[in-house]
Amino acid sequence: MAKNKEHSSALEEKAGMELSKSVSGPSAEKLKERRKQTPSASHLIDGIIHGDKTALSRAITLIESTADKHQSMAKKVIEACLPHANNSIRIGITGVPGVGKSTFIEQFGKILVKQNHKVAVLAIDPSSSLSKGSILGDKTRMEELVRESNAFIRPSASGDSLGGVARKTREAIILCEAAGFDTIIIETVGVGQSETAVHSMTDFFLLLKLAGAGDELQGIKRGIIEMADAIVINKADGENIKAAKLAKTEFNRALHLYPAKESKWEPRTLLCSAMLNEGIEEVGALIDEYVTKTKTNGYFSMKRKQQNKFWLIQTIENSIKSKFFNNSKVKSELEKQLKAIDANMTTPFQAAEKILNIAAE
Ligand SMILES: Nc1nc2c(ncn2[C@@H]2O[C@H](COP(=O)(O)OP(=O)(O)OP(=O)(O)O)[C@@H](O)[C@H]2O)c(=O)[nH]1
Ligand SMILES: [Mg+2]
């Protein structure tokens, strides 16, 4: 009985322990203030490595920022993440607007999450700088995937050149991998040069198509079909089924006409309905098959090395270009020479030589 008396009720307030004070106005303000501040690089690195999606998101925002202090912090974070990266399958998905990329990724992502994968979805959208929108800005079609704790969806960086967006996406891939995401999906709209950029940063390249519409109508160039490791005809449902089956046969036949790939992989055509969630698992199995084959024959790691070399050169080119055009002497000489061209006073080659000489001074 005496024991019971010692245990005072949890509801009893002891002197000096009033809860109200500890969550009072000033402390809450402090908390809010802390949240507003950019966390330190080490804080972000620690968070990312422990799989914290908020830290990952904040670090990607740093990558996207053009402010010098953010850029130098981003560099630190990326460097620290590099040793934890590389351990994933990177899948590029392209296709004309409306083909069903987002719907497909939502279904595919949910399947992967069910299989205990951690899925990150990033986007490359060269048009976003013009429209100020983003292909993933409209998240409604991934609303289920976005709620999964093992999924991370990030709209594309906007307001930049394709080269800039591509670099940021590549860096974001590294951070996602360091955060433990083992499947990285890059969505890009198949209308510009962005497919080439996506191809240069992914292991598997998937082209989503529609049955019935010709390639010219779908804005698909021959080069893109050549890059594809699989063609998936989406919307193979309802009245579309017959046309989709026909298209599958035609594409499979056409694919044989292309020269054999260095990967020794033979691209195939599949059918699916992202809307009805049909045929998606088969696409997943095909990707698995590709990964097994190319990891066994050494192509997988060779391709990644080639991509790294490509990005090394790209980075140097971009850096030289931006330094060159930001040089104030170059800027004023360029203006002068542009006027001279307008006035037919010089040739482009003479003008270029003058500007280059000024930069080299
Ligand atoms: N019938 C049918 N409709 C589909 C299918 N997949 C997507 N859709 C519809 O097609 C429309 C476009 O789908 P999205 O997933 O937004 O296409 P997207 O390729 O991501 O489009 P952008 O991001 O604008 O390039 C939506 O109305 C979808 O509901 C499908 O398998 N069958
Ligand atoms: Mg989309």
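Q: At what angle do helix α7 and helix α13 pack?
A: The model is predicted: local features need pLDDT of at least 70, side-chain atom pairs count only at pLDDT 80 or more, and totals for chains, interfaces and linings use all residues. Residues are numbered from 1 along each chain as its sequence is written, while chains are lettered from A and ligands numbered from 1 in the order in which they are written. Helices (H or I, at least four residues) and strands (E, at least two) are DSSP runs numbered from the N terminus, and axes are lines fitted to C-alpha atoms, for helices over the stretch in contact, with angles running from 0 to 180 degrees between N-to-C directions. Helix α7 (residues 101–114) and helix α13 (residues 280–296) have axes 10 Å apart, and they pack at an angle of about 65°.

Q: Are α7 and α13 roughly parallel or roughly perpendicular to each other?
A: Angles under 35 degrees count as roughly parallel, over 145 as roughly antiparallel, 65 to 115 as roughly perpendicular and the rest as oblique. The angle between α7 and α13 is about 65°. The two helices are therefore roughly perpendicular.

Q: Is the crossing of α7 and α13 left-handed or right-handed?
A: A crossing is left-handed if the near helix is turned anticlockwise from the far one by less than a right angle, and right-handed if clockwise. By this rule, the crossing of α7 and α13 is right-handed.

Q: Which residues of α7 make the contact with α13?
A: Two residues are in contact if their C-beta atoms, placed from the backbone, lie within 7 Å. On the α13 side the contact uses I280, E281, V283 and G284. On the α7 side it uses Q107, F108 and I111.

Q: How many residues in the contact of α7 with α13 are nonpolar?
A: Ala, Val, Leu, Ile, Met, Phe, Trp, Tyr, Cys and Pro count as nonpolar, Asp, Glu, Lys and Arg as charged, and the others, Gly among them, as polar. Two residues of this contact are polar and one is charged. The nonpolar ones number four.

Q: How are α5 and α9 oriented, roughly parallel or roughly antiparallel?
A: Two packed helices are described by the angle between their axes and the distance between the axes. The axes of helix α5 (residues 53–64) and α9 come within 10 Å and cross at roughly 155°. That makes α5 and α9 roughly antiparallel.

Q: How many residues in the contact of α5 with α9 are charged?
A: From α5 the contact takes L56, A59, I60, I63 and E64, and from α9 it takes K168, E171, A172, L175 and C176. Seven of these residues are nonpolar and no residue is polar. The charged residues number three.

Q: Which helix gives the most to the shell around ligand 1?
A: A residue is near a molecule if its C-beta atom, placed from the backbone, lies within 6 Å of it. There are 17 residues around ligand 1, and G100, K101, S102, T103 and M275 come nearest. By class, the shell has six nonpolar, seven polar and four charged residues. The helix that gives the most, with three residues, is α7.

Q: Is N318 exposed or partly exposed?
A: A residue is buried if 20 or more other C-beta atoms lie within 10 Å of its own, exposed if 12 or fewer, and partly exposed in between, with C-beta atoms placed from the backbone. N318 is in helix α14 (residues 299–326). Because N318 has 15 other C-beta atoms within 10 Å, this residue is partly exposed.

Q: What separates the C-alpha atoms of N318 and G163?
A: Leaving aside neighbours within four places in sequence, N318 is in contact with G163 and R167. N318 and G163 are 155 residues apart along the chain, and their C-alpha atoms are separated by 7.8 Å.

Q: Is S161 exposed or buried?
A: S161 is in the loop between β3 (151–153) and α9 (162–178). Because S161 has 12 C-beta neighbours inside 10 Å, this residue counts as exposed.

Q: What is the phi of N86?
A: Most residues other than glycine have a negative phi. N86, in the loop between α6 (68–81) and β1 (89–95), is not a glycine. Even so, the phi of N86 is positive, at about 85°.

Q: Where does N344 lie?
A: N344 also has a positive phi, of about 55°, although it is not a glycine. It is exposed because it has 7 other C-beta atoms within 10 Å. N344 lies in the loop between α15 (328–342) and α16 (348–360).
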